[in-house]
Amino acid sequence: WKRLSAMDEYGQIQLNAIERKNLLKTAEQLFKSTHFTREETEKLLYKYRAITSDRIDRVKFRDLLHDTFGMSDDFFMDRVFRAFDKDTDGYLSQEEWVCGLSVFLRGTLDEKIKCKGLRPHPRATPIPLLPHAVCFFIYDLNSDGQISREEMFQMLKNTMVKQPTEEDPDEGIKDLVEMMFKRMDQGHQKVTLDEYKATVTKERLLIEAFGPCLPQRKCVEEFCDKVFL
């Protein structure tokens, strides 16, 4: 078998003719349902093979989020992994990798895309694969299709750094929860996807109100430059 190669920051990836054919076939199947071109999808699949010869596990993915996309919060990195891992098997397949990165790198608030890649609660309204929906899914800790005060409190407490002079930081977090709740809730006593979307559409900075779950713009540009150019 003739072996073909592609260079990657992780080193040289060598594929035989059959592996190369399978990679091209997978790229052809995937790219139409993403924001990537066929060529970009091929390069992401090479990247996938550069990271692992099997499947990407939670540890490898967290290393990527930390080293490549500037994320550092373990709690939210784990939640991002869950958003990518649509079949909940603890690994990212090539399809989950490409489709997840499509939103992670290039999703916009305005586009309308069918539900792909996120795992809504059986009784919840299907969640479209958009950046705000990714964040909503990550923040919806019990996957019931809503964000409660308790979930807000847990996430904000996780992200807040306790100051030595603070006697009871929980009170300050509760006040912040109530402030955010008043801005988002429209009378349901829990924040729905539509309420969350309406809020972050008006105030884009609130999309990561409860913790960091999207990559830094500079990191996205650097990743794309390395992989696609």
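Which residues is Glu 95 in contact with, leaving aside its neighbours within four places in sequence? The answer is in point 3.

1. Basis of the note. This is a predicted model, in which local features need pLDDT of at least 70 and side-chain atom pairs count only at pLDDT 80 or more, while totals for chains, interfaces and linings use all residues. Residues are numbered from 1 along each chain as its sequence is written, and side-chain values use heavy atoms, with hydrogens and water left out.

2. The chain as a whole. The chain holds ten helices and six strands; helices (H or I, at least four residues) and strands (E, at least two) are DSSP runs, numbered from the N terminus. Of its 229 residues, 46% count as buried. Buried means under 20% relative accessible area, exposed means over 50%, and partly exposed is in between (1.4 Å probe, protein chains only). The accessible surface of the chain comes to about 12,600 Å², and 48% of this belongs to carbon and sulfur atoms. Such areas come from the Shrake-Rupley method with a 1.4 Å probe; for residues, only the protein chains shown count as cover. Contact means heavy atoms within 4.5 Å. Among contacts between residues at least 6 apart in sequence, 57% join residues at least 24 apart.

3. Glu 95. This residue is in helix H5 and counts as partly exposed, at 37% relative accessibility. Leaving aside its neighbours within four places in sequence, Glu 95 is in contact with Leu 30, Lys 86 and Gly 100. With Lys 86, the side chain of Glu 95 makes a polar contact of 2.8 Å. A polar contact is a pair of N or O atoms within 3.5 Å; within protein, one must be able to donate a hydrogen and the other to accept it, and residues adjacent in sequence count only if both atoms are side-chain atoms. Glu 95 and Leu 45 are 50 residues apart in sequence, and their C-alpha atoms are 9.1 Å apart in space.

4. Ser 102. Helix H5 (residues 94–106) also contains Ser 102. Is Ser 102 buried or exposed? Ser 102 counts as buried because its relative accessible area is 4%. Not counting residues up to four places away in sequence, Ser 102 touches Thr 34, His 35, Phe 36 and Gly 107.

5. Helices H3 and H4. The axes of H3 (residues 58–69) and H4 (residues 74–84) come within 10 Å and cross at roughly 115°. Axes are lines fitted to C-alpha atoms, for helices over the stretch in contact, and angles run from 0 to 180 degrees between N-to-C directions. From H3, the residues Arg 58, Phe 61, Arg 62, Leu 65 and His 66 meet Asp 74, Met 77, Asp 78, Val 80, Phe 81, Arg 82 and Phe 84 of H4. By class, this contact has six nonpolar, one polar and five charged residues. Ala, Val, Leu, Ile, Met, Phe, Trp, Tyr, Cys and Pro count as nonpolar, Asp, Glu, Lys and Arg as charged, and the others, Gly among them, as polar.

6. More on H4. The buried residues of H4 are Phe 76, Met 77, Arg 79, Val 80, Phe 81, Ala 83 and Phe 84. The N-terminal end of H4 is capped by Asp 73, with a side-chain oxygen 3.0 Å from the backbone nitrogen of Phe 75.

7. Phe 69. This residue is in helix H3. Phe 69 counts as buried because its relative accessibility is 1%. Not counting residues up to four places away in sequence, the residues that Phe 69 touches include Leu 64, Leu 101, Phe 104, Pro 215 and Phe 223. Phe 69 and Arg 217 are 148 residues apart along the chain, with their C-alpha atoms separated by 8.6 Å.

8. Met 152 and Met 160. Met 152 is in helix H7 and counts as buried, at 0% relative accessibility. Met 160 is in the loop between helix H7 (149–159) and helix H8 (169–184), and is partly exposed, with a relative accessible area of 43%. Leaving aside neighbours within four places in sequence, Met 152 is in contact with Ile 147, Val 177, Phe 181, Val 191 and Phe 210. Met 160 touches Ile 173 and Leu 176, not counting residues up to four places away in sequence.

9. Positive phi values. Most residues other than glycine have a negative phi. Thr 88, in the loop between H4 and strand E4 (91–92), has a positive phi near 55°. Ser 143 has a positive phi of about 55°.
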